Amino acid sequence: MKKQLIVTEEITIHASLEKVWEVLTFPKYVAQWDELPEGYPSESMTEGSKVVWDLPNGEQSITTIIKAEKERELIIDLHGTGWKFKPEPGEVAYRYLLEPAGSHTKLVIEIGDFSLLDQGKDYYDASVDFAKESSNVIKALAENESK
């Protein structure tokens with residue numbers, strides 16, 4: 001059995017669960033910590049919301065929200081049309097877990113499992129940086145909006 005390649009990042013945010021959830025699901029915030037295609041709708045993202053990126057090689061990278069338990073858990077499935085292996089929904093995903101921590105919110109981000117993919121190590125390495133950078137931006141957005 002291959003070793004799992006799952007990136008994990010935890011951060012404490014001095015803001016309410018509600019505010020952190022908004023930063024995770026409102027496109028005006030998401031666009032500041034992740035990429036969104038031009039013209040993406042401005043409504044809050046919910047279960048079934050998709051983001052499709054057309055890649056230079058003609059393939060697509062698609063993310064789909066497969067679970068949105070308000071103020072608790074957000075799971076975004078990741079799929080590449082050029083991947084040889086076709087994972088089941090949720091096998092390669094972004095997971096955002098929110099936990100109350102007194103007057104703060106603990107955010108746990110898990111990204112992967114990239115061991116299922118041919119270029120899994122490359123995806124894993126890129127996701128380490130993404131998790132660290134995006135968690136810091138999510139924290140800053142939620143805390144600044146809470147003041």
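**Entry 1: Lys19 and Glu22**

I started with lysine 19. Its side chain makes a salt bridge with glutamate 22, and the closest N and O atoms lie 2.6 Å apart. I noted that this is a predicted model. Is lysine 19 buried or exposed? I found a relative accessible area of 12% for lysine 19, so this residue is buried. The cut-off for buried is under 20%.

**Entry 2: the group around Lys67**

I then looked up how many salt bridges the structure holds. The count is 10. One of them pairs lysine 67 with glutamate 69, at 3.7 Å from N to O. Glutamate 73 has 17% relative accessibility and counts as buried. Lysine 67 comes out at 30%, which is partly exposed. Salt bridges with shared partners tie Lys67, Glu69, Arg72 and Glu73 into one network. For glutamate 69 I noted 33% relative accessibility, and this residue too counts as partly exposed.

I turned to the backbone. Most residues other than glycine have a negative phi, and most peptide bonds are trans. Glutamate 71 is not a glycine, yet its phi is positive, at about 65°. Where is glutamate 71 found? I placed glutamate 71 in the loop between strand E3 (60-69) and strand E4 (73-80). Its relative accessible area is 23%, so I logged glutamate 71 as partly exposed.

The other place is the peptide bond from glycine 112 to aspartate 113. I read this bond as cis, with omega near 15°. Aspartate 113 sits in the loop between strand E6 (104-112) and helix H3 (120-146).

**Entry 3: the fold**

I wrote down the secondary structure of the protein chain: three helices and six strands. What pattern does the chain follow along the sequence? I read β-α-α-β-β-β-β-β-α.

I then tested the radius of gyration. A compact globule of 147 residues would have a value near 15 Å, and the protein chain has 15 Å, so the two agree. Along the principal axes, the C-alpha atoms fill a box of roughly 45 × 40 × 25 Å. Contacts came next. I took those with a separation of 6 or more, and 46% of them join residues 24 or more positions apart.

**Entry 4: surface and charge**

Of its 147 residues, 41% count as buried. The accessible surface comes to about 8300 Å². Carbon and sulfur atoms hold 49% of that surface.

Last, I looked up the charges. The protein chain has 16 positive and 27 negative ones. How far apart are the mean positions of the positive and negative charges? I noted 3 Å.

Note on methods:
Residues are numbered from 1 along each chain as its sequence is written. This is a predicted model: local features need pLDDT of at least 70, side-chain atom pairs count only at pLDDT 80 or more; totals for chains, interfaces and linings use all residues. Side-chain values use heavy atoms; hydrogens and water are left out. A salt bridge is a side-chain nitrogen of Lys or Arg within 4 Å of a carboxyl oxygen of Asp or Glu. Buried means under 20% relative accessible area, exposed over 50%, partly exposed in between (1.4 Å probe, protein chains only). Helices (H or I, at least four residues) and strands (E, at least two) are DSSP runs, numbered from the N terminus. The radius of gyration is taken over C-alpha atoms; the globule rule is 2.2 Å times the number of residues to the power 0.38. Contact means heavy atoms within 4.5 Å. Accessible areas come from the Shrake-Rupley method with a 1.4 Å probe; for residues, only the protein chains shown count as cover. Lys and Arg count as positive and Asp and Glu as negative; His and the chain ends are not counted. The place of a charge is taken as NZ of Lys, CZ of Arg, CG of Asp or CD of Glu.
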